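Please go through the notes below with the model open beside them. They are numbered so that each can be answered separately.

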Amino acid sequence: MKKFLVLSAMLGAMVFAVPSVEAKSTTASSAAADPQINIRVGQPRRGWNNRRPRVVTRTRITRVGRYRYREVIRTTYFANGRTRTQVISRSRIGRW
């Protein structure tokens, strides 16, 4: 009997807790009443710096034989996808 009362109380609570769902009608008039909104954030693209290459300078430590070197490398990224890498300076920092 207790199980029956608990089960009925739980089902009764779920009936009141579940909200009723109403069907919405989709008509052409409601679509015309809701215009699509486009929002742009930020500045529009400017064309003056599209083709300028991007230059990145990095350092790395390399080993040549038993010597270690710190190299400063400049990498240039061009707009067509090509890259150019140059070693700017190389200094020996020690052995092994």
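1. Val-72 stands opposite Ser-89 in β3, and in β2 the bridge partner of Thr-59 is Val-72. The model is a predicted one, in which local features need pLDDT of at least 70 and side-chain atom pairs count only at pLDDT 80 or more, while totals for chains, interfaces and linings use all residues. Residues are numbered from 1 along each chain as its sequence is written, and side-chain values use heavy atoms, with hydrogens and water left out.

2. The chain has 2 helices and 3 strands, arranged along the sequence as α-α-β-β-β. Helices (H or I, at least four residues) and strands (E, at least two) are DSSP runs, numbered from the N terminus.

3. The 3 strands form an open, antiparallel sheet in the order β1-β2-β3. Its edge strands are β1 (54-64) and β3, each of which pairs on one side only. From one strand to the next the twist averages 20°; axes here are lines fitted to C-alpha atoms, for helices over the stretch in contact, and angles run from 0 to 180 degrees between N-to-C directions.

4. Antiparallel pairing of β1 and β2 runs over 11 bridges. Strand β2 (residues 67-77) also pairs with strand β3 (residues 83-95), in the antiparallel sense and over 11 bridges. Two strands count as paired if DSSP finds at least two bridges between them.

5. In the hairpin of β2 and β3, 5 residues lie between the strands, and Gly-81 in the turn has a positive phi of about 100°.

6. Thr-62 is in strand β1. It counts as buried because its relative accessibility is 18%, where buried means under 20% relative accessible area, exposed over 50%, and partly exposed in between (1.4 Å probe, protein chains only). Not counting residues up to four places away in sequence, Thr-62 touches Tyr-67, Arg-68, Tyr-69 and Glu-71; a contact means heavy atoms within 4.5 Å.

7. Which side chain makes a polar contact of 3.5 Å with that of Thr-62? The partner is Glu-71. A polar contact is a pair of N or O atoms within 3.5 Å; within protein, one must be able to donate a hydrogen and the other to accept it, and residues adjacent in sequence count only if both atoms are side-chain atoms.

8. Arg-68 lies in strand β2 and stands opposite Gly-94 in β3. With a relative accessible area of 31%, Arg-68 is partly exposed. The C-alpha atoms of Arg-68 and Arg-95 are 5.9 Å apart, although 27 residues separate the two along the chain.

9. Of the 96 residues in the chain, 7% are buried. The accessible surface comes to about 9,400 Å², with 55% belonging to carbon and sulfur atoms; areas come from the Shrake-Rupley method with a 1.4 Å probe, and for residues only the protein chains shown count as cover. Among contacts between residues at least 6 apart in sequence, 23% join residues at least 24 apart.

10. The chain averages a pLDDT of 80, and 73% of the residues score at least 70; pLDDT is the predictor's confidence in each residue, from 0 to 100. Confidence is highest in β2, at a mean of 96, and lowest in helix α2 (residues 28-33), at 59. Where pLDDT is low, the predicted coordinates should not be read in detail.
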